[in-house]
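Please work through the exercises below with the sequence and the structure open beside you, and try each task before you read its solution.

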Amino acid sequence: MTRPRSELVSVADTPYYHCICRCVRRAFLCGDDRVTGQNFDHRKAWLVERLAELVKVFAIDICAYAVMSNHYHLVVRINEEKAAQWTDDEVIRRWRKLYQGPPMVQRYLAGAVLDKAELKVVNDIVQQWRLRLADLSWFMRCLNEPIARWANDEDGCKGRFWEGRFKSQALLDEAALLTCMSYVDLNPVRAGMAETPEASDFTSIQARMIAWAKRQRKNKKQNKSFVRTTKLPKQTLPTVPLLRFSGNEKQGKPSTISFSSKDYLQLVDWLGRAIRDDKRGAIPSNMPPILERLNINADELLTYVSKKEKRFIDVMGTENNFQKIAKQWQRKFIKGVRLAKQIFSRQIIYS
């Protein structure tokens with residue numbers, strides 16, 4: 001049964017979510033159209049460029065993204081605290097990058113003298129905008145709507161471009177976040193569109209690898225990691241600001257993803273090579289230690305990221321957190337418990 005978005009997205013439960021949106025009829029409207037023979041790869045760049053713009057407006061951070069030929073994936077973090085700290089003028093400035101706003105707000109910005117009733121109306125509008133700037137549905141709306149208009153104008157047609165509203169999946173803990181990020185970043189490898197993660201265009205993993213390689217060259221470290229020994233493409237698209245890992249930040253910038261970028265890049269590189277070499281279930285000896293720290297079953301993780309999604313579950317996390325969220329949502333059963341038991345082999349108990 002379809003559940004309302006208010007039940008699926010609750011920052012009180014978790015700020016992390018995995019979102020998927022597909023083109024209508026799953027047509028390759030952002031790649032090689034099998035019917036017309038036209039190539040629409042340039043629309044993938046539209047999505048990346050729009051993401052780069054929206055991240056600078058909304059209080060929503062991007063953990064991972066992958067733009068495919070007929071759908072795209074996002075892993076996001078909703079940052080309500082950030083939105084709450086903005087001044088009213090900052091909220092207005094950000095919102096007006098997307099919409100013009102009502103005449104009364106424009107009068108307020110022009111310095112016109114407003115009475116108490118008018119100021120209250122302006123304040124109510126600003127508070128509504130503040131909530132919207134930390135709202136996942138509004139973020140996805142501002143991402144999807146212009147892409148659909150541009151594509152329809154290009155094709156000279158009307159109607160739907162996306163098959164419907166986006167799907168969202170709550171990520172309850174670090175293990176779920178790591179699993180979902182690696183799943184998203186390896187989409188092009190799994191689909192046979194790229195040989196390696198660093199060759200995966202329109203993905204966050206390629207952007208992270210390019211940034212990592214630049215830092216290594218800048219620091220002049222003699223590091224023989226896979227990033228140093230792999231030829232990376234030049235970055236031609238606008239850089240989408242990505243949520244930082246711990247160990248990467250400058251002083252004063254708090255960490256929001258607890259594992260390091262080096263661990264994550266090595267994990268994705270290892271998973272990508274295992275998928276391409278058809279080593280499903282045969283785990284090499286150089287398994288990244290991050291899997292042990294987060295109690296993730298390496299065989300099951302490899303199987304999970306190697307498969308195309310057959311069904312989309314509402315929640316991803318350890319079995320312990322599944323039980324907690326089921327009680328909070330007052331549900332006897334949440335689809336995906338069996339998958340959680342397989343991937344997250346040992347329960348992680350949180351105080």
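**Exercise 1.** Find which residues touch the most other members in the largest nonpolar core.

*Solution.* A nonpolar core is a set of buried Ala, Val, Leu, Ile, Met, Phe, Trp, Tyr and Cys residues joined through side-chain atoms within 4.5 Å, where buried means under 20% relative accessible area and exposed means over 50% (1.4 Å probe, protein chains only). The largest such core has 109 residues, and within it Phe58, Tyr65 and Leu74 touch the most other members. Its largest share, nine residues, comes from helix H7 (residues 136–155), helices being DSSP runs of H or I with at least four residues and strands runs of E with at least two, numbered from the N terminus.

The model is predicted, so local features need pLDDT of at least 70 and side-chain atom pairs count only at pLDDT 80 or more, while totals for chains, interfaces and linings use all residues. Residues are numbered from 1 along each chain as its sequence is written, and side-chain values use heavy atoms, with hydrogens and water left out.

**Exercise 2.** Work out in what order the strands of the open sheet lie.

*Solution.* Two strands pair if DSSP finds at least two bridges between them, and five strands lie in the order S2-S3-S1-S4-S5 with mixed pairing. Strands S2 (60–67) and S5 (315–316) stand at the edges with a single partner strand each, so one side of each has no neighbour in the sheet.

**Exercise 3.** Decide whether arginine 25 is buried or exposed.

*Solution.* Arginine 25 is placed in the loop between strand S1 (16–22) and helix H2 (42–55), and it counts as exposed because its relative accessibility is 72%.
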